[in-house]
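Please walk through this structure with me.

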2 protein chains.
Amino acid sequence: MAEDSKPVYLRIREIIAASILDGVYQDGDLLPSVRALASQQGANPLTVAKAYQTFQDDGLVVVKRGVGMFVAHGAARRLRETERARFLTTVWPPVAEQIRRLGIRIEDLDTQKV
Amino acid sequence: MAEDSKPVYLRIREIIAASILDGVYQDGDLLPSVRALASQQGANPLTVAKAYQTFQDDGLVVVKRGVGMFVAHGAARRLRETERARFLTTVWPPVAEQIRRLGIRIEDLDTQKV
DNA sequence: GTGGCTGTATTATGCCACTGATGCACCATG
DNA sequence: CATGGTGCATCAGTGGCATAATACAGCCAC
């Protein structure tokens, strides 16, 4: 009843973004091919391509046609900044309101463990 | 690019839930009619009805056909419990992970103000 | 140059959630 | 019983998403 079943291409986008943010793929690294990631995730190559497309639009990945997709220069830093801004302005406010409304204490939330 | 554009019936569901949790409508109170809430929210009556339907399924609102919808007995308490459980198991974990991944400090988040 | 790997364009199809318009069933009030 | 308010069932339209089957274009190692 929540937001579990999001579009596949957005799910895959988050997987890629998380990998970049966590440093699995660093500046200049070669990313998994659309076909490889597709078969790994059990999705259609075009769906994966659609996920990659969103990063291309933001200039976070560079395409070398015939070779593959590479992490753009400073992608992790830029991605972290934009995601951080998006989180603070879009994600957090409703979450905070829900915390207040439900009477949840901050101490009850594991903020270190995860 | 986040979860801003959710289905209308879920948006309206949240509005109703928030009103109940905040005590705007208490046990036994008459809720706004589907048509009234629809015109107020600029939505279709059926869309509002679909939102109300989710509450009926959980026994949180009682329908008196030809009269209106009423807040069920103990609805606020039960709603708070289920929403709290859902928040802790479904909503919070990914949020916490994002906080960690983005390197956001808890002190940066307004948890009192909102 | 050939084979094999990349990303991409094209077209078509199926699916499902969401939304909407209309009409009907029910009830309180006078 | 007539009126005007309820909720609800039915049918249909729309759009986004995912998949599929091809085919094409670029690059590299051999």
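**The interface of chains A and B**

Across the interface of chain B and chain A there are four salt bridges, each a side-chain nitrogen of Lys or Arg within 4 Å of a carboxyl oxygen of Asp or Glu. In one salt bridge, the side chain of B:Arg84 meets that of A:Asp108, at 3.6 Å from N to O. The model is predicted: local features need pLDDT of at least 70, side-chain atom pairs count only at pLDDT 80 or more, and totals for chains, interfaces and linings use all residues. Side-chain values use heavy atoms, without hydrogens and water; residues are numbered from 1 along each chain as its sequence is written, with chains lettered from A and ligands numbered from 1 in the order written.

Seven residue pairs are in polar contact between chain B and chain A, both residues at pLDDT 80 or more. A polar contact is a pair of N or O atoms within 3.5 Å; within protein, one must be able to donate a hydrogen and the other to accept it, and residues adjacent in sequence count only if both atoms are side-chain atoms. Which element gives the most to the side of chain B that touches chain A? H4(B) does, with 17 residues.

How much area is buried between the two chains? About 3,300 Å², with 64% from carbon and sulfur atoms. This is the accessible area (1.4 Å probe) that two parts lose on being put together, summed over both. B:Phe87, B:Arg101 and B:Leu102 supply 18% of what chain B buries against chain A, more than any other three residues.

Within chain B, helices H2 (residues 34–41) and H3 (residues 45–57) pack at about 115°, their axes 8 Å apart. Helices are DSSP runs (H or I, at least four residues), numbered from the N terminus. Axes are lines fitted to C-alpha atoms over the stretch in contact, and angles run from 0 to 180 degrees between N-to-C directions.

Key: Helix = DSSP H or I, 4+ residues; strand = E, 2+ residues; numbered from the N terminus.
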